[in-house]
Amino acid sequence: MRVKKWPQLEFVRPMRNRAQKFLAAADAALAGRSIRGGTAHIYALVRLWHWANAAAILVLSLTGYLIGTGTPAIWGMASGGFLFGYIRFAHFSAGYVLSAGFLLRIYWALMGNAHAMQIFCVPLWRRCFWRELHHEIRRYSFLAVEPERGLGHNRLAQLAMFFMFTQTITFMVVTGFALYGQGAGTDSWQYKVFGWVFSLWPNSQDFHTWHHLGLWVIVMFALVHIYAVLWDDVVSRRSFPSIK
């Protein structure tokens, strides 16, 4: 008896090819090499995204702190000043810049090479990853000799970028637009897209608290990032590796 095979759907093949490319890129990034080989270079757009992102985070951090703690009292009637309104406008504008840049960064991770997706794919299942991570912690603590550095982020930077930046930014974007949509009304696109989060915690004050705590996670990440950059620049003299 001949077993009839199900016809292969047309959309399965590109999905399978994309998954294979993703796994191959993760292995290449883990080994510190490029799939195509050769010398890699930093794209100007990646640098532009980095500094635009840093500027947006700085504005969001300062205005978010003032929104959470309050602004100093000003002279005159409350109707005569719009200080808090300007702060909220700057916060929302920087939030849109950060969100747009993050979406473009996700697109680049999907369309770029192995190093473009390092901050989105951390090979926690690899034993060598944890061994290299332990060595990087010792290196930044001045307890180990600096090894030969490959392309892309080292293991400690990759882990910090994934948990303290990528995941935290995702959480901040989702909760931020949800809180914005609550104020804009249920007919706004922000509430229609992100309003589902209130089914998890009906009390919006919980989201205000978690959103404010996310600010300090970003601040701690920025401090660690600045320390690592200064360490590489002063100690190893190679803080700007060639990454494509």
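Is Gly181 buried or exposed at 0% relative accessibility? Gly181 counts as buried, because its relative accessibility is 0%; here buried means under 20% relative accessible area, exposed means over 50%, and partly exposed is in between (1.4 Å probe, protein chains only). The model is a predicted one, in which local features need pLDDT of at least 70, side-chain atom pairs count only at pLDDT 80 or more, and totals for chains, interfaces and linings use all residues. Residues are numbered from 1 along each chain as its sequence is written, and side-chain values use heavy atoms, with hydrogens and water left out.

The secondary structure comes to seven helices and zero strands, where helices (H or I, at least four residues) and strands (E, at least two) are DSSP runs numbered from the N terminus. Read from the N terminus on, the elements run α-α-α-α-α-α-α. The protein has 244 residues, and 34% of them are buried. Among contacts (heavy atoms within 4.5 Å) between residues at least 6 apart in sequence, 67% join residues at least 24 apart.

Gly181 itself has its place in helix H5. Leaving aside residues up to four places away in sequence, Gly181 touches Ser188, Gln190 and Tyr191. Gly181 and Gly195 are 14 residues apart along the chain, and 7.1 Å separates their C-alpha atoms.

A general idea comes first: rolling a probe the size of a water molecule over the atoms shows where empty space is left. On a 1 Å grid over the protein atoms alone, a pocket is an open set of points where a 1.4 Å probe fits, with protein on both sides within 12 Å along at least five of seven lines, and lining residues have an atom within 4 Å of a point. The second largest pocket holds about 780 Å³ of space. Its lining has 28 residues, of which His91, Phe92, Gly176, Leu179 and His211 are the closest to its centre. Two or more lining residues come from each of helix H2 (44–69), helix H3 (83–111), helix H5 (155–184) and helix H7 (204–236). With nine residues, H5 gives the most to this lining. By residue type, the lining divides into 15 nonpolar, twelve polar and one charged; Ala, Val, Leu, Ile, Met, Phe, Trp, Tyr, Cys and Pro count as nonpolar, Asp, Glu, Lys and Arg as charged, and the others, Gly among them, as polar.

H4 has 14 residues and reaches 21 Å from its first C-alpha to its last, close to the 20 Å expected at 1.5 Å a residue, the expected span being 1.5 Å times one less than the number of residues.

Finally, Trp201 lies in the loop between helix H6 (189–194) and H7. Trp201 counts as partly exposed, because its relative accessibility is 35%.

Methods
Points joined across faces, edges and corners; volume = space filled by probe spheres on them.
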